[in-house]
Structure formats: C-alpha cells, structure tokens
Amino acid sequence: MRWLIVAVLSVLASGLHAQETDLLRQVLAELAAHPRVRADFTQSRENPALAQPQLSQGQLLFVSGNGMLWQVTQPYRETLALTGTRTARIDDHGHLQVVRNGDRGVAQVSQMLQSMLAGQPEEALRQFDVEARGSTSQWSLRFTPRQQRMARVLSAIELSGNEFLQGIDVEMQGGERTQIRFSGTRDAGTLSALEARALGVP
Amino acid sequence: MSMRGLHLRAGLFGVFALSTVVLGLWLLFGNHSVPIQTDLLAMLPATERHPLAEAAVDRLAHANGDRMVLVVANADDDAAKASARELGKALSREHAFDAVTAELPPFDLDQFVAPYLPYRFSLLSAADRTALTQPAYDPAQALARRLNEPFIAGIGTRLQDDPFGWLQHWLDQQPWSRSPLVPEDDLLTAHQDGLTYVMVIASLRGSSYDDGVQRDALGALDRAWHEASRDHPGSQLLRTGAVFYAAAARAGAERDMHVVGLTSTLGIALLLLWTFRSPRPLLVAFLSTAVGIVSALVATLLLFGQIHLLTLVFGAALLGEAVDYSIQYLCARANAGATWQPQRGVQQVRPALLLALGTSLLGYALLGLVPFPALRQMACFAMVGMTVSCLSVFWLLPVLSAAPARRSLSPQLVKLARGWQQHVMRLAHGRLGLAVLALLLAIAAPGWWRVGHDDDIHLLIAPPAALAQQEARIRAITGLGNGSQFYLVTGTTPELTLQREEALEQRLQSLVDQRQLGGWTGVAGMVPSAQRQRANQAALAPWFASGASMEATLVQAGIKASVANAYLAGWPGDVLKIDAWLSMPLSIPFRYLWMNQGDHSYASLVLPQGQDDVAVLRAAADGLQDVSLVDKPASVSALFGRYRQYASLWLLAALALVGAVFTWRYGRAAPRVLAPPLLGIGLAVAALGYAGQPLTLFHWMALMLVLGVGANYAVFMREGEPHTGHLPGASYASVLLSAVTALLSFGLLGLSTMPALQHFGITLLLGIGITALLAPASLPASEPSP
C-alpha cells in the first residue's frame, strides 16, 4: 500500500520542490504508519467576537479511512463523530444524532485532515498549496487554500509534528485562530463497541 | 357536358392546384422558420384537472427544457476543469446561446449570509426549533458547543452575527448547501468514482423545439466541444436537455418520412408501370395524388398554423390511399380499351368513388373526434387530401387521359386476380362459406383470448438509449430531479400556500428519514410561512425576554459585551416575506418554483429527488388539502387508456354507420359486402394476440382505417364488377392494385422508429392485407364461375 501512496504523491506533488516533496512524502508515510491513534488534545480559540480565548480539552481517536471521534471533556462533555462529510453527536445513551451532513465548513477541514492523516493527500492537494518545512523528526506542513472562494474565509492550516501529529493551527481571514495541541499520542489498540459503531469500523 | 366544358373545368382545377402549390411553398418556406412542430408533448391534450398544473408543467419544461446541461468528465482533475473552462468560453462565443454558465462570477460568502441577517430570529432549522422548546434546553451549553467546535467556528455566519449557530444550521439546509456540486476553481464540480465532473449550462436563444434553434445549438456545441477537447484527450462530455431529445425525435421522424415516402413512391411507381404498361397512367396517378397531398398540407397549415412531424409521416403514408381513386379510374380506362370515353368513364366510377370517399371521410372524421391535437391534424390532413384527390379524378383526369388506353391491364395481374377470386368465391358461398367462416373464427378465437392492452407513454416517446443513459448519469452526479413528477401546492394567499407546503414537507421529511426519498426542493424550505416563522420567534422568545439575562449568558461564555449588545439589538427582527425573498439575487435559480397567477391564486412546485416510485410519492400527498402530485407520464398513460376504450366503442359505431350505408345501397347483401373488412379487423386483432403484442390506442386507430379502406375495396368490387363482365378478374385486379399501393405506404410505417407509428403500420398491414385477400367474398353468388 505504501508504495502506491508514494507513487500517487510523487505525481500529484510534482509542482513542489524536490526537497519538500521528499519531506511531505516521508511525513505522510510516517503518519500512515499509525492507522489508529489516540491522543489527548487541548484546543484554544481566539476570535474578534470573544473577550478571552475559548479553551477545551478532551481525547481524539483517529481511525484511518473511517474518521475521528472528537471527545470533549472540558468545559462540557460532548462526543462528535466526524466521518467523511458527516458530523454526528453521540448522546448520553450512545445514540448517534446527525448534526450536519455535507462537505462544507467543519466537515471540509476535517475531511482534508482525515485524508492527510490517512496518507491520501489527493483531495488536500486539490484544495491547498502545501509548504513543507523542517525534518522528519520535527516537521511542519502549511496548507494555503488554492480556491479563491475558500481563501476569502480561510488563511491557512498548519500541521506540525514528529513521529505523530503534534499540533493543528487554523487561521481564518476574519481573525479567528484555533490552536490544537496533542499530547500522549499512542496507537489506539482495540476500540470499544461504541467507538467502533460511531466510526463505522467493522 | 361538352368537351369544352370538361376542359374549362380541368383548367380551373389546374389553376386551383397551382395556386395551392404556390401557397404551400410560401407557407412552408416563406417565413423565417419552417412551421414543423417536433415537441411530442405538444400533440397531447391537457391532461391535468387543475388548470395551474398544466401551467406548472409548462413552466418546468421551460425552466429545464430550454437549456443544455453539460457535464465534462475526466479522471485528471486539471484536464476536466480546463476542458470545461474552454467549452464555456467556446460556447459563449456562439450566437446560439443566450447565456452560458461555466465559470462562476466571484462572490463573497457574505452574499449568502447578509440578506438573511434581518430575519435570523425567524429562521430556525427543525432540529433547533425542537431543541429550543425542550425543558432541558441550556443556552449556555449550546453556546459553549458552538464556540468550541473543532477546527473552525466561524465559517458561514460569523460568531458576532450568529453566536449560537442557529442561522448557520438553517442555511446548511438551503438547496445550494445541499447540492453535490461544489464551487471549486470557480467551477461547479463534483468528484465521484475517481472522476472529476464539471457542470456547464447553456441557455438556448429560443425554444428547444424550434428547428433553427435546434440546429444552431447542436452545431455550436459540436464545434465548441471539438475545440475544448482537442488539448485534453480523455475528456468526456455528458449532455442532457430537451433539445437533444427533440433533435433525435426529428431525425427519427425525418428518416421515417424519407424511408416511407421514397420507398412507397418508388414501389407504387414500379407497380403502376408494370400494371398499366405505359408511363402516362403513372404520371396521371401521381399528379392526382400530389395535388391531394399538397392541398392537405396547405389546409392543415392554414387551419393549425403549424404541422406536427407525426402528421407529415402519416401524410407520407397517405399517398397509398389517395392514389386509389385514380387507380380505379385508370383501370376502368384500361379495361374499356378502344371504346373509352372519358365522360362515360367518370360516370362509371363515380358511384364507387363517392361511396369509398364517403366511408373514408366517415372513418377520418371519427379519428378527428379524438381530442389529441396531432390526431385532429391527421384527420384534417387525410380528409382534405382524400377529397381533393377524388375531385381531381372527376375534374382533371378526364382531360389528362382522354384518349383510350393503348394497352390493357397487365394480363398476369388480371390472371392472378381472377384465379384468387375464383378460389375465394368458391369457398365463400353456401354451406361451405359458413364452414369456412366458422373455421376462420375458430382459428382467431385463441388469438382474441390472448389480446392484452398497453397504455404506456413510452409508445409515444421512446428516447434513444444513449441519451437516457447520459441523463441518468447526470442526474446521479448533480442531484437534479427528473422533473416529470412534482407536487403542486395551491392556495388563495402566499401564506396559505406555504403552510400547505410545510404540511407536505413534514411527510417528505419522514420519507427521507426512512431512506425512501433523497430530498426535495421547495419554496417553503427557503421562505417558511409567517406562521412557522412566528413559531420560531416564539421558541426563542423565552430566552430573549430578558435582554439582561441573555447578555449575561453571552458574556459569561466569553463573548465581548459590545458584540452581545449588538446581537441583542437585532432581536426580534423581521419575518421573511415571499416578495423580499423573490427580490434576493439568491432566489434567482429557484423563482420558477413559485407561481403567482393573480386573482388570489398562488402555487408552489415541490420537486422530489431520489425516488422514482410514483406510488410512494403519491402516498405522501394523500389527504393533504390542495396538494397534489402531478405526474405527466402517468396522466398521459391514463389518457391513452381512456381513449383506447373510447376507440373500441367508436369502431363499433363506425361499423354500424358503414353497415347502415351498405344496407341502404345493397339491401340484404350488406352483410356479405361488410364481411371482408370485418374479417380483416377480426383476424388482424387475432394475429396481434398471437404475436403477443398488446393493443394500444394506435392499434385501434389503425383498425378504424382498416374499416374505411376495407369497405372501399368491397365497394370497388361490388360496383366495378358489372362494368367488367367482358374481362373477368379485372375489377378485382384494380382492388388488388389499390391494396398493394396502400400496403406499400401504410405498411412501411411498420418500419418507423416511433412505436406508435410502428403499431399503426403493422395493424394496417395485417388488416388491409387480409381484407384485400377476402374482398371477392363480397360478390354475389350469381357471378358466373367457370
């Protein structure tokens, strides 16, 4: 599978500098080596409408090819299942409620992240220009929208990490900045029945 | 009448014929466009009980019909987009199109949001409305969730305008948010199955059914696509739109017209040459027929303003019947030999021709009673054509063929006719006759037993498979509905109409929840009723009743006080009215869904998507006031069924009429004269039953013609025989000649690409063939039989 990813990438990213291509390729290969990952996250958000930044914490479960569970524990409890273009909330009884369906907004970014983390960057490269920096032990990828329409709203998304993804920074044109930091990243092990159901893992 | 009188009358008739030809040429080609109608639905009568439904069908047909929907596909994303962009540019350079949409104009997301801000407290999604009215609703938590959404919070509506995300949730449900096509590189794009699809829409500079518009547009598309795909091998073009179907129908009909017209003309010419062994009768026969057909064309154009393609194809087939009159006359001339006198000849054939014309006119008049515009045209065309052809025999032919024929009828034909006539007559009389009749009925009975019925609209409209396939693919990619089924919601005020639409939408939503429906597009989803909007405000009101507590909630969540105050100052805002919505640029693509017919008559169209089972769709409208499912194909099929039943009654009525005329003329021999056409009809139906072909309206129409034409043959036999006593078989030979010419023209319709005409042709082939073979049975037994 990996050779295929590399092959596809080298074709798609032919516009990049050779060095950057190499780095992007290595980073993606590294990320794809961990198809199921758990991590603790802290998200902080600044927005011109906010007097002080919003802070939230929780756990993330990422399953390559299926999507992610975004489980907030602070300041409130909520579990969102982001799968493909669908966003669903899991209520206290373990039922899924579709919150949003369609590839706009949050879903669009989460989809792009999902495909990147799964080592399938075609979709992301169609939508974004990528700038790779650093080395495989400490890298950052900066995605700027290629679509003018999206560029009016979104300035850039920056991913950074080492063996695992360590941080996501989202900058909006309206002045919103969202920083997500991951810690305690590890391979996921077995999924609970609820997790498997929410992400549609067989 | 003197020779001079004859010439004078022929001259007058000639002048009439010439001026008709000139008038016909002017009508056909004098104006800008050829007045030929190719819209197959235009030949159908109104099918809907609700007067607005027909208008709605029309409107939908124009909204979807007068444009080309093109989708460029390529596995390579850049190539797909580049070819679509070039296609768009190449198409805009063409004059055939009014407007071409390929690259979208630059616009701001704000344009989607700003117009709705004054109404933000009146527009709620169903989920939010339900949640807000729950006792456990906690605005602080809803706010926290929105502010801490993963990755992005403020896409779409900004936090300061919509901190809770309510307006955003409502906007998410708008049709442009749900479309599978997303703007990408300023193009409407979809990605599926590893392919990139890009949509290009070209609006025609006129109707899809206009001959000129059609030709220009198709030519322009070919040129443009050639140019656009040259540099991008592997790019595919999918196309759909009424214009492609209309062009295919036109091409099919033109092919039919040429095949039927040319083949029958050639066949008849050869047959006449062989029979009369001289070119003069051939020319005379064609002249008489041509005058009839041209007059029919002119009369139809004058009366209807345009002529339907179906009528033209039918007209090409009518040649075979119109030529019968001159054949009878020319046979009489050939049989008379040197003793020929044109005036006596006319007197001799007049009763037979008038009787034949009478029964034909009767048959076509009945056809004209069917309230299908195209059938009326055909009836008018046939009646004028037959009458003029017959008159030309009385007035023009005596002068054109005044001299006696130098050669008699082809002896082979007469011998053949005489042989068959003797066989039939031997079997058709006395006890043997009854036994043969019983045998024929016994053979036919199982066939009748097997006869079924079919009223499917696809008899009329059988689109080429390739076009239907492309349309299905485009629908799957773009999520466009099929447009032939929709809900019509009516009311005396906009408010009432919208409320009724909301009642329907509730049903549709539960179908969506059960995965029985993909979705729908309707105005009430974009402009809720005032009642619904007030309910939305009422759901919010408890939380906004005290501005101070709401402000506290917002500020505690982290929102700046100034932002919170500005937000609260917007409460409660306005209710979005239909007129305000209609004036928003955003509503342009959806305005055709709303109809204001004045006089307190409003209607809204709701288009369902992703369900082709009409029963499911119909059930959703059951019991809702002033909501109905309009299903044009089903209505047309039902109409076909109704008229098929009427047609069988009409056939009985026509039989009774012809029987009455025969009884008046032939007395007790009438049943014998009527027997051949009657058996022709019965055996043809039995044959169709054996062949497993279900009967349609068009079979029944053909059976009416079998009666008309078949009765002619019996009459020609009966009336002609006394004048050809010196030449046994000559009278039947002329009937056979008529029948073969009819078969050559009508029968060729069996080759038509249109199922309706095909059925028509096959039935006539069987019916007329059998009638002609049985025609000698109508002669009295006293005829000398060697």
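**Close-up views of a predicted two-chain model**

**View 1. The largest nonpolar core.** The largest nonpolar core has 173 residues, and those with the most contacts inside it are L87(B), V198(B), M704(B), V706(B) and I768(B). At least three of its residues come from each of two domains of chain B, domain 1 (3-34 + 247-458 + 636-778) and domain 2 (66-104 + 186-240). A nonpolar core is a set of buried Ala, Val, Leu, Ile, Met, Phe, Trp, Tyr and Cys residues joined through C-beta atoms within 7 Å. Buried means that 20 or more other C-beta atoms lie within 10 Å of a residue's own; exposed means 12 or fewer, partly exposed is in between, and C-beta atoms are placed from the backbone. A second, separate core of 58 residues includes W166(B), L167(B), W170(B) and V606(B). The model is predicted: local features need pLDDT of at least 70 and side-chain atom pairs count only at pLDDT 80 or more, while totals for chains, interfaces and linings use all residues. Residues are numbered from 1 along each chain as its sequence is written, and chains are lettered from A and ligands numbered from 1 in the order in which they are written.

**View 2. The surroundings of V706(B).** Leaving aside residues up to four places away in sequence, V706(B) touches P677(B), G680(B), I681(B), A684(B), L764(B), G767(B), I768(B) and T771(B). Two residues are in contact if their C-beta atoms, placed from the backbone, lie within 7 Å.

**View 3. Two domains of chain B.** The C-alpha centres of domain 1 and domain 2 of chain B lie 49 Å apart. The domain bounds come from an automatic or database domain assignment.

**View 4. Helix α25 of chain B.** This helix covers residues 632-666 and has 35 residues. From its first C-alpha to its last it reaches 49 Å, close to the 51 Å expected at 1.5 Å a residue; the expected span is 1.5 Å times one less than the number of residues. Helices (H or I, at least four residues) and strands (E, at least two) are DSSP runs, numbered from the N terminus. Among the buried residues of α25(B) are K632(B), F640(B), W650(B) and F662(B). Just after α25(B), G667(B) has a positive phi of about 65 degrees.

**View 5. Where chain A touches chain B.** The contact takes 34 residues from chain A and 31 residues from chain B. On the side of chain A, α3(A) gives the most, with 3 residues. That side divides into 13 nonpolar, 12 polar and 9 charged residues. Here Ala, Val, Leu, Ile, Met, Phe, Trp, Tyr, Cys and Pro count as nonpolar, Asp, Glu, Lys and Arg as charged, and the others, Gly among them, as polar.

**View 6. Two cis peptide bonds.** In chain A, a cis peptide bond joins Q74(A) and P75(A), with omega about 0 degrees. P75(A) is in the loop between β3 and β4 of chain A. In chain B, a cis peptide bond joins W571(B) and P572(B), with omega about -5 degrees. P572(B) is in the loop between α22 (561-569) and α23 (578-582) of chain B.

View 7. R277(B) is not a glycine, but its phi is positive, near 55 degrees. The loop between α10 (242-276) and α11 (279-304) of chain B holds R277(B). With 16 other C-beta atoms within 10 Å, R277(B) is partly exposed. D626(B), also not a glycine, has a positive phi of about 55 degrees. It lies in the loop between α24 (614-621) and β13 (627-631) of chain B.
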